[in-house]
Amino acid sequence: MSTLGKITRRTFLVGSVGIAGGVVFGYWKYKQPFDNPLEADLVDGSAALTPYVMINQYGVTIIAPRAEMGQGVHTTLAALVAEELELSLEQVKVIHGPASNAYFNAAVIEEGLPFAATDDGSVAEAARGFMKVPAKFLGLQITGGSSSIPDAYHKMRVAGAAARSVLVEVAAQQLGVDRASLTIKGGKITAADGRSLSFEQLASDAAKIEPPAEPTLKPKSAWKLLGKSQKRVDMISKSTGTAEFSIDIDLPNMVYASVRMNPQLGAPMTSFDASKAESMPGVKRIIQIDNGIAAIATNTWYAFKAVNAVDCNWAQAGYANDTAGLFKAVEQSFNDDHQDSQFRDDGDVEQALQDATTIDGEYRVPYLAHAAMEPLNATAWLRDGKLDIWAGNQLPTQALKEGANITGLDEADIRVHTTLMGGGFGRRAEMDFIIHAIKIAKEFEGTPVKTTWTREEDTTHDYYRPMAIARFKANLSNGRPNAIDLHLAAPSVVESQMGRLGVPAAGPDVSIVQAAWDQPYGVAHYRVTGYRTPKAFPVSSWRSVGASQNGFFHECMMDEIAAAGELDPLQMRLDLMNHDASRKVLEAVAEMSNWGAALPEGHGKGVAFVLSFGVPTAQVIEVQNTAQGIKLINAWAAVDVGVALDPRNIEAQVTGGMNFGLAAAMMGNITVKDGKVQETNFHNYNSIRINQVPNMAVRVLENGEKIRGIGEPGLPPAAPALANAIFAATGQRIRELPLSKHIRFL
């Protein structure tokens, strides 16, 4: 594993985007809390006790400031606060709240550090602690990287406990008793003689008291909500169709827009002729916007029709104009000039590979689209020196900045309304669809404008999961893996994504080797090298980021090593494992799947283990080789999140991640021809169907050293477990995704 001596200064700057941006830190400034953003919009009778707790005559509102895109985060975040206030979730209202630096996410920055999640040494812990400083100065309110729960676990319980403390203090004063004699339950504080006061009665005076910075938290043994499965706070509204997504926003006198950008991604538009579109029914205007055009009409359908009726002349992009050419750029980056990192270089790989017969192979994966079910859309309304933005988004503080940049307004005059969203998977951390909405609204000042992308525009203008290639050599000695030399090449997600945010990112991109260099396998000679492919096609974070492809590469490679040594692939992993929590998830999935038992003719099981975002995750998939194709039969998963705040929601997230990963492995594929993305909609960018989903079982363990998030770790093992199962059932080793290029699925 990495040591301090191998972590160069250049390496140490990974993820330190605040440093790269030239932020000057001051301890005094760092310790200053952000203003409570709720106070700016408080109406009479409302009190904001902390940035997370607001009380008025209608009850308690909890601010859950991370995007709810189906992962259940609003429920769990609200439970952290409600637990300390002795409230049930039925007794609180949960909202996303305003865009504010006060809701910055520190945990998301840690993932970029070049320390394995299993490294709890003093240097690693000091570096993680230090990252809280630039995180606060950056003030990014972002949802991603499975960071919401680790970031909120302490701070939101503190917010609840602080609110409880000031409420109790006021109750003690008004009842004339010692605060220690009071009991708190169900939104009331009661004295020993039976007199009680409600939170609503106490809130106004409680808001005048400075809350304690580190109030006493309830011990885990006293938890009533946390650690137990909860009913989702958004379940009823989503089940009844009353939940409001950004596509549901409807304002008086609203006009509707759609956009069409150059299909050669990032290249400009040279000219356009809108005469035909401008004469179409309902069309108000056609305008140029960025590298394309926007049509504004009296409804969305008219805007869709008009935007496609404009004759545009597009410039050519500078990247290779087909998939083969783009892959060639990745192939050509396997050299010293493009080496990006080498976080792991144990033993003497060069020598070890000369001492025994080696096996080798090359794997590759394609670009992938996010393909969220709700198409990209945003509403903007600029009037009277104010700007309102409604959008399902994962980065509201950046939306504030974009609004200020485009309109010239102060951020204090801009409000971002973050709605529920029909899927995000990283796509809604990008700002393009919000920028379009603001620019169009600026052209229609005084009128609210809803801008909706067509599905085709969404699919062909994504910021994609990068294509990538892995090459490996390995050998065995004395019946066990002896040497592994793994080389990984891909475009840089960090370079592409941070560049769009205007934040330079220095140092290597950890995502290129994520979930490959840091796996807890004890192999004597073990080297992982990352290569950065020159920037071309736009790429971005896709669910589980680099772990999504590296999990496939690494765990199929491990399966090949086991096969070469005639070793049981699961037992081999157990024999190499040097991390206790990881070992236990492998043992759990072996027990769940009855690993090693005889299987019917034509069946095969595959195993994969990936430690990503700090969560060791093991999966076993069983398939059947039929005359009509491969049928997925069963899937088992075991995960360890350290502390399981809501076991049923964790199970749901793992199940969803497995399905997402299986769909991508089986059929996900973005291809390029003549410089344009060929896949346009779900008819040719398909997803797994209900009848193809195997029976699934998930076990949640709590042996890990820290609490972890679970939005992403369920995905990476799915592809290698499936590919390894296909090998077990058929003997066919598939080294390229999607698997459907090489085998038929039932």
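Arginine 157 lies over the face of tyrosine 153, at 4.0 Å from the ring centre, where a charge is taken to sit over a ring if NZ of Lys or CZ of Arg is within 6 Å of the ring centre and within 35 degrees of the ring normal. Another such placement involves arginine 364, whose charged end sits over the ring of phenylalanine 327, 4.7 Å from its centre. The model is predicted, with local features needing pLDDT of at least 70 and side-chain atom pairs counting only at pLDDT 80 or more, while totals for chains, interfaces and linings use all residues. Residues are numbered from 1 along each chain as its sequence is written, and side-chain values use heavy atoms, with hydrogens and water left out.

The structure holds 15 aromatic pairs, a pair being rings of Phe, Tyr and Trp (its six-membered ring) with centres within 6.5 Å, counted as stacked when the planes are under 30 degrees apart, edge-to-face when over 60, and tilted for the rest. One of them, formed by tyrosine 367 and phenylalanine 537, is tilted, with 4.7 Å from centre to centre and 40° between the planes. This pair links distant parts of the chain, 170 residues apart, since tyrosine 367 lies in the loop between strand 14 (358-365) and strand 15, and phenylalanine 537 in the loop between strand 21 (525-533) and helix 19 (546-564); helices (H or I, at least four residues) and strands (E, at least two) are DSSP runs, numbered from the N terminus. Tyrosine 367 is buried, with a relative accessible area of 3%, and phenylalanine 537 is buried at 2%, where buried means under 20% relative accessible area, exposed over 50%, and partly exposed in between (1.4 Å probe, protein chains only). Phenylalanine 537 also forms a stacked pair with tyrosine 464, at 5.6 Å centre to centre and 20° between the planes. Tyrosine 464 lies in the loop between helix 17 (455-460) and strand 19 (468-477), so its pairing with phenylalanine 537 ties together parts that are 73 residues apart in sequence. Tyr319, Tyr367, Tyr464 and Phe537 form one aromatic cluster.

Seven strands form an open sheet of mixed pairing, in the order 10-11-8-18-15-16-17, two strands being paired if DSSP finds at least two bridges between them. Its edge strands, each pairing on one side only, are strand 10 (283-289) and strand 17 (414-418). Within this sheet, strand 8 (residues 255-261) and strand 11 (residues 292-297) run antiparallel and are joined by six bridges, and valine 259 has alanine 294 of strand 11 as its bridge partner. Helix 15 (residues 396-407) packs on the sheet, touching strand 15 (377-383), strand 16 (386-391) and strand 17, and its direction makes about 140° with that of strand 17; contact means heavy atoms within 4.5 Å, and axes are lines fitted to C-alpha atoms, for helices over the stretch in contact, with angles from 0 to 180 degrees between N-to-C directions.

The largest nonpolar core has 83 residues, and those with the most contacts inside it include Ile484, Leu486 and Phe552; such a core is a set of buried Ala, Val, Leu, Ile, Met, Phe, Trp, Tyr and Cys residues joined through side-chain atoms within 4.5 Å. Leaving aside its neighbours within four places in sequence, leucine 486 is in contact with residues including Phe472, Val528 and Met557. A second, separate core of 53 residues includes Ile55, Ala64, Tyr153 and Val170.
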